[in-house]
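Please open the structure in your viewer and keep the sequence alongside, as the stops below are meant to be selected one after another.

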Amino acid sequence: MLSLERDVLLAPYSTFNIGGPADFFATVTTAAELIEALEYAADNSLKSFIFSGGSNLLIADRGFRGLVIRVASAAARISGRDIYADAGTPLGSVVQLAGAHGLAGIERLAGIPGSLGGAIRGNAGAFGAEMRDVVLSVKTYDRKARMLREFSAKQCAWGYRQSHFKSHPELVILSAQLRFEDGDSAELQRIAADTMAVREAKHPQAVRCAGSFFMNPDVLDEALRDEFALDTGKTPKDSRLPAGWLIDHVGLRGRRIGGAEISPHHPNYIVNTGTATAEQVVMLASLVKQRVRTELGIQLREEVQLVGF
Ligand SMILES: Cc1cc2nc3c(=O)[nH]c(=O)nc-3n(C[C@H](O)[C@H](O)[C@H](O)COP(=O)(O)OP(=O)(O)OC[C@H]3O[C@@H](n4cnc5c(N)ncnc54)[C@H](O)[C@@H]3O)c2cc1C
């Protein structure tokens, strides 16, 4: 049975810890409840926004006019080399479950916050692994057509931090079937633990932020690519250069507007130092985009989802 709350402050639900109130708010714990909430919104002409871990969001100071649905459905089970899991299952739990059962494929995604649904939508990735590596099929509810739809891996239109679900926001992910390779449980758990330690050493993970603020852009400028290689000792793996390196290049590491700061440790993280407003984060992000565009001729695009603007 759907339970609606009114005027719920969204900041505590976002890892940025920023954001005003939602007019209506519901936490759903099953796919059936999620569909019920979406139908309630449609029947009552309310705009709806769904989220789960809140680790890839910047929510406006004015909040959201409509119904915000927090997906907390978290049932997961193993069958052979497959895991069937609800969208709200924390990605970390899926990584742990896979590791404990000797299922290889996402151990290097250990430490990415948020839910399975959020990770599939954004094709979350780290250290050369991506969600696309293990997704076999995805069950969704199409809130425009008001029907269930299932997608095979091929139909997911994967790309860098991209999927069919991201370009079709009417599709709400309900659950997924993941297929793994055989692996050694102890070895997979060791890789996951090492991965988390490396992440923590690169940048403290428990900060108020939403991870990488911008996507890594395609950079064809050979001189800049050579400069990157010289500066970092790394050859770019593909056509992309790290947005953090570009932000550093234009001298914005550590720059602050109000309580919002370009992390001194990881320039692609915008951090809420405690009192940041969404407006200050947006102003800082605009400064970054403008400087990188003017000085390097590169257009950065947000990886973080803006809500209620
Ligand atoms: C410290 C830190 C480190 C991070 N490191 C990484 C990293 O290494 N790699 C990486 O890829 N990301 C990283 N992220 C970003 C983030 O963790 C991922 O994007 C994550 O997959 C988002 O999942 P979520 O449940 O928190 O999504 P939310 O923030 O809740 O939502 C993000 C978007 O996904 C949509 N969404 C959520 N659930 C569903 C669903 N069931 N169906 C349809 N749409 C849905 C929402 O509507 C919203 O548009 C990091 C974030 C933080 C804070």
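**Around the ligand**

Begin with the shell around the ligand, to which helix α3 gives the most, with 4 residues; helices (H or I, at least four residues) and strands (E, at least two) are DSSP runs numbered from the N terminus. This is a predicted model, in which local features need pLDDT of at least 70 and side-chain atom pairs count only at pLDDT 80 or more, while totals for chains, interfaces and linings use all residues. Residues are numbered from 1 along each chain as its sequence is written.

Select the 31 residues that surround the ligand, of which the closest are G53, G114, G117, G118 and G211; a residue is near a molecule if its C-beta atom, placed from the backbone, lies within 6 Å of it. At least two residues of this shell come from each of β3 (48-51), α3 (116-121), β9 (125-126) and β13 (171-179). Coloured by class, the shell shows 15 nonpolar, 15 polar and 1 charged residue, where Ala, Val, Leu, Ile, Met, Phe, Trp, Tyr, Cys and Pro count as nonpolar, Asp, Glu, Lys and Arg as charged, and the others, Gly among them, as polar.

**An open sheet**

Next, display the open sheet of 4 strands, whose order is β1-β2-β5-β3 with mixed pairing; two strands pair if DSSP finds at least two bridges between them. β1 (5-9) and β3 stand at the edges with a single partner strand each, so one side of each is left without a neighbour in the sheet. Between β1 and β2 (residues 21-28), which run antiparallel, there are 4 bridges, and E5 can be found opposite F25 in β2. Packed on the sheet is helix α1 (residues 31-43), which touches β2, β3 and β5 (64-71); contact here requires C-beta atoms, placed from the backbone, within 7 Å.

**A hairpin**

Move on to β6 (residues 76-79) and β7 (residues 82-86), which pair in the antiparallel sense over 4 bridges. R77 stands opposite Y84 in β7, and of the hairpin's turn, with 2 residues between the strands, G80 has a positive phi of about 60°.

**Two helices**

Finally, select V95, G99 and A100 in α2, which meet S185, L188, Q189 and A192 in α5. The residues of this contact divide into 4 nonpolar, 3 polar and no charged.

Definitions and conventions. Axes fitted to C-alpha atoms, helices over the stretch in contact; angles between N-to-C directions.
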